[in-house]
Amino acid sequence: MTIGHFTTDVEARMNSNATVPPARLPVRCDCEVLPPPSLVQELVAVREVALGERTGLRGGTLTVADDVTAGIAVPLVTSVTVDVVAPGERDVRTDTVLDAVPLAVKVDGGIGDGVTRLATGVVLVVTGVDADGTQLGEAGNSAGVLSERMSDAAPGTPDPGDWIIRIAVTIEAGRRMERPGPAAAHRAADVVADRLRRALLDAPPAAVTDRRTLEEPSGAGPRVALVKLVMGQGAMHENLVFPAEPGGVRGSTSLIDLGNLPQQLRVNEVRDGALHSLCCVGPSSKETTLHYYRDPLVTALAEDTELRLTGVIVVGSPAQEADKRFVARRVGAMVAAAGVDGVVVATEGFGNNHIDFAAEIEEIAKYGTPTVGVCWSAARGLVSGNEYMYALVEVNKAVTGQESDVLGENTADALDAGRGVAMLKTLLFGADTLPAPRSWDPEVPRDNQKLVETAAAGNGGRPTLTGGIRSEVPVSATAPTPLVPLGQPLSGTVVALVSSAGAHTTGDAPFRPYADYSLREIPATATDDELTFASGSYDNSDVNTDPNCLFPLARLRELAEDGVLGGVSPTHFAMQGGGTEIELVRTRTGPDLVRRLKESGADAVVLVGACGSCHRSAVVLQRLVEQAGIPTVIIASLPAVAAQLGAPRIAATDTPMGAALGAPHDTAQQRRILTAALDLLVHADEAGAIARIPERYRS
């Protein structure tokens, strides 16, 4: 029997009923052993972009047809327009920048091999708004003057001399924080991109100004891997893999639909646009498709001849903690099975991703593999951490150490990548990194950079073992606050709700999209129709359907009516805890909340968070309330965050971060979860008590 080029006599032996030990079966192969495929890039210099009658590329001028958006019909998209922004003319108004995308097209082969034609001097920029004029940004947005809302030195933004083809998309109102809405904006923009790719593909051969061949890395040094942690919670926190065209949408698959499980990519697949970013990139720490296309960490590791980059493991960040733990274990197992000598784990964004980031570093390092982490946290601090995070690179560029509305400002660049390589080599070549400072110190990365450059000068300019290099990101844990006992049975207890997920009444002033330290009051009589949420960082589909998923006011009233509780506080409270700085929550929001809770007459408080930094804000508030003499419990879909920050009582659920109380309109499940949390007020006997509630939703 012949299978491909493999010849075996298994079938003959089976037909003769002969008994042959499998190990002795003769297998002969005349296959040609081929090296990994190379990638050829054809560079086409675009010197000017203009609007005109027909889309085409001639003589260095890319003409975009006036009707390039004609016939685009994508559900949820109400309009698509295109304009051109010339270099030096970026002082124009813009909606939120959703993405920056290279203009590239496959001439031959698939993503990661064959021939790709890449236009230089031009970048596609996608912006988004809904029909009500609400920006599609999540934790802040980059709407404003374009020149002020895009870093001119980030890998994921157009270079100062680039032409910009701006694709402005409007989607239906009310869908901005539900997964299908932003995804639709990207699909519509990709239709325009495909029409421009056709023009690039049809350009005459003379338009190609240069060709370069990219081989898979083959260095003789230690084998290393890059784990790239990207968004995977839904809404504006999603990513696509393996599109039909470089950096495209068509033909791709969502990491969420793949279970956010790790995907092993060849280096050239990443360099050829195997990733498309669907995440909102208004905040400065989010990476664009253009960033993925020319990722400085991929470049630094792939081009270092003292290392051999074996590949890039791309992994998403699930919305449920149980899934986060499972995915992290799979990352650790994949790295261990690959037998690499060292790993760099890099994450974009802030908050939720820190949980996965910490878990994946732990699961890799448990196998004894030297591991370096690259992230942004700065003044905000890590939301989650552990003892395995002993070598971390901080990518902050903002003077304040805060998130900003400048696209790409706080993303990894070549200098950050160089420090990451130096840290990894320091561990691989037998030395240790010094411990991080106790709190964020912007001088540490600057001092490290000087050390790295000095050491590299004696190594042909390549980063190398660097004595005195220090981990740049503090990792801390907080002991839980001592418990305040409940002074009466639940049947005599008045309970208040506190949300850090941006809950408020529809007639109230909305919160800032992130880092809002003010409080909103919610009356006990508020109906479901009168409640809404201002927080992002999770798919809002569930809370838009039923606010009790995150603010169980109706369930609390039912328990009081049934005599389970003594009553419901006349007033409940909420903040927008996403993206906050701990100290400001502690000094601004916390004292105000404690005062108002005491005035309301609440005997106990149930807190509910959503995203990672929402949980963190909720625990800071919880500790202050408990210290003020009011017993508390937090319903946490991310209990690891709550535990690390020292929550006194934690009711842990196996539910998504956007639905801590369970499924929309499943009143029985919501009531069971709330009742179990309230029982912890009575039965917890030690600080930091965690009750695992056996309720699941979307698990």
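Hi everyone, this is a short walk through a few places in this structure, which is a predicted model.

Let's start with helix 16, which covers residues 667-683. How far apart are the end C-alpha atoms of helix 16? They are 24 Å apart, and at 1.5 Å a residue its 17 residues should span 24 Å, so the two values agree. Several residues of this helix are buried: Gln669, Gln670, Ile673, Leu674, Ala677, Leu678, Leu680 and Leu681. As a reminder, an α-helix has 3.6 residues a turn, so residues three or four places apart point the same way.

Strand 24 takes us to our next stop. Threonine 493 sits in the loop between helix 10 (443-457) and strand 24. Is threonine 493 buried or exposed? Its relative accessible area is 0%, and because buried means under 20%, threonine 493 counts as buried. Its side chain makes a polar contact, at 3.1 Å, with the side chain of glutamine 488. Leaving aside residues up to four places away in sequence, threonine 493 also touches Leu486, Leu565, Gly566, Gly567, Asp603 and Ala604, among others.

For a contrast, please look at phenylalanine 326, in helix 7 (residues 321-338). This one is partly exposed, with a relative accessible area of 42%. Phenylalanine 326 and alanine 359 are 33 residues apart in sequence, yet their C-alpha atoms are 9.7 Å apart in space.

The largest pocket holds about 610 Å³. It is lined by 28 residues, and the closest to its centre are Arg380, Ser476, Ile582, Arg586 and Arg616. Which helix gives the largest share of that lining? Helix 14 does, with six residues. Helix 13 (582-600) also supplies at least two. By type, the lining of the largest pocket has twelve nonpolar, nine polar and seven charged residues.

Of its 17 lining residues, Glu287, Thr347, Glu348, Val395 and Ala412 are the closest to its centre. Strand 21 (342-347) and strand 22 (371-375) each provide at least two residues of that lining, which divides into seven nonpolar, six polar and four charged.

Methods. Residues are numbered from 1 along each chain as its sequence is written. This is a predicted model: local features need pLDDT of at least 70, side-chain atom pairs count only at pLDDT 80 or more; totals for chains, interfaces and linings use all residues. Side-chain values use heavy atoms; hydrogens and water are left out. Helices (H or I, at least four residues) and strands (E, at least two) are DSSP runs, numbered from the N terminus. The expected span of a helix is 1.5 Å times one less than its number of residues. Buried means under 20% relative accessible area, exposed over 50%, partly exposed in between (1.4 Å probe, protein chains only). On a 1 Å grid over the protein atoms alone, a cavity is a set of points where a 1.4 Å probe fits but cannot get out, and a pocket is an open set with protein on both sides within 12 Å along at least five of seven lines; lining residues have an atom within 4 Å of a point. Grid points are joined across faces, edges and corners, and a volume is the space filled by probe spheres set on the points. Ala, Val, Leu, Ile, Met, Phe, Trp, Tyr, Cys and Pro count as nonpolar, Asp, Glu, Lys and Arg as charged, and the others, Gly among them, as polar. A polar contact is a pair of N or O atoms within 3.5 Å; within protein, one must be able to donate a hydrogen and the other to accept it, and residues adjacent in sequence count only if both atoms are side-chain atoms. Contact means heavy atoms within 4.5 Å.
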